[in-house]
Amino acid sequence: DVLAAVGADLHQASSPLMVFRNPVSGLGTSRDRLVYTQLNEASLLDREDCDALYMHWICRRVVDHVADEITRVGWTVQMGLESNAQEVPGVEAALRLLDADCVLNEEIKAARQYGGSAIVMYLDDGRPADQPVDWANLRAVTGLEPVDRWYLLPDLQPTTVRYSRPLHYNLDIHDQLTAGPVRIHRDRVLRLEGRRLPFRLQQAN
């Protein structure tokens, strides 16, 4: 009868394993749509997929918009506190010679498209690229090389202290001008990273 059915429902409601059932819609039964719904790990896009998406004008606009807006007007280099900051003579002219605005524009786009990029700095300090920068004898910045994350790989060693900040990187541009990867010290690399992710997702990316 009705009272017995209500009593049975109240008894089920007191159970910690209570479920709602609706025979008409199938809720809580073998016909419940939730039975056929699963959470699976999302498949990440590889480089070819990112390149193919970038060829579409909508995706390209999403990637390029932020970088173009950041570098559209340019910038002024000043030193000192905000109240008495002054422009440094010669710095902006040096940045123009290095084509710094175009390099930065390209690197921001690469970071947004691939999830990370870097600028390799050619520094005239008398040391090879795999050595730390001799800041006391640094004479000039002779060039800025934009690369995306697929060409600059961390050189992980057993002695590496921080795997997310390796001491060296291997630059591998896959062309006929280089015999193989070039080892570069981290002092000579400016990283532009994408959105921060948990460590496990960073490793899978």
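Helices here are DSSP runs of H or I with at least four residues, numbered from the N terminus. Keep in mind that you're looking at a predicted model.

Start with helix H5, residues 100–114. At 1.5 Å a residue, its 15 residues should span 21 Å, and the end C-alpha atoms are 21 Å apart, so the two agree. Now step just past the helix to Gly115, which takes a positive phi of about 90 degrees.

Go back and colour the buried residues of H5: Ala100, Val103, Asn105, Glu107, Ile108, Lys109, Ala110, Ala111, Gln113 and Tyr114. What do they pack against? Show helices H2 (47–54), H3 (57–71) and H4 (91–97), plus strands S3 (116–124), S4 (140–148) and S8 (189–193), and you have the partners.

Next, select the largest nonpolar core, twelve residues that include Ala67, Leu98, Val103, Ile108, Met121, Leu144 and Leu192. H5 and S3 are the elements that give it two or more residues, and H5 supplies the largest share, four.

Zoom in on Met121. Ignoring neighbours within four places in sequence, Met121 is in contact with Gly143, Leu144, Asp187, Arg188, Val189 and Leu190. Val189 also belongs to a second, separate core of eight residues, with Val147, Tyr169 and Leu171 among the others.

Last stop: the open three-strand sheet, ordered S5-S6-S7 and paired antiparallel. Its edge strands are S5 (152–154) and S7 (182–185), each pairing on one side only. Neighbouring strands are turned by 35 degrees against each other on average, direction ignored. Finish on S5 and S6 (residues 168–171), an antiparallel pair with three bridges, where Leu153 stands opposite Asn170 in S6.

Terms used
Residues are numbered from 1 along each chain as its sequence is written. This is a predicted model: local features need pLDDT of at least 70, side-chain atom pairs count only at pLDDT 80 or more; totals for chains, interfaces and linings use all residues. Side-chain values use heavy atoms; hydrogens and water are left out. The expected span of a helix is 1.5 Å times one less than its number of residues. Buried means under 20% relative accessible area, exposed over 50%, partly exposed in between (1.4 Å probe, protein chains only). Contact means heavy atoms within 4.5 Å. A nonpolar core is a set of buried Ala, Val, Leu, Ile, Met, Phe, Trp, Tyr and Cys residues joined through side-chain atoms within 4.5 Å. Two strands pair if DSSP finds at least two bridges between them. Axes are lines fitted to C-alpha atoms, for helices over the stretch in contact, and angles run from 0 to 180 degrees between N-to-C directions.
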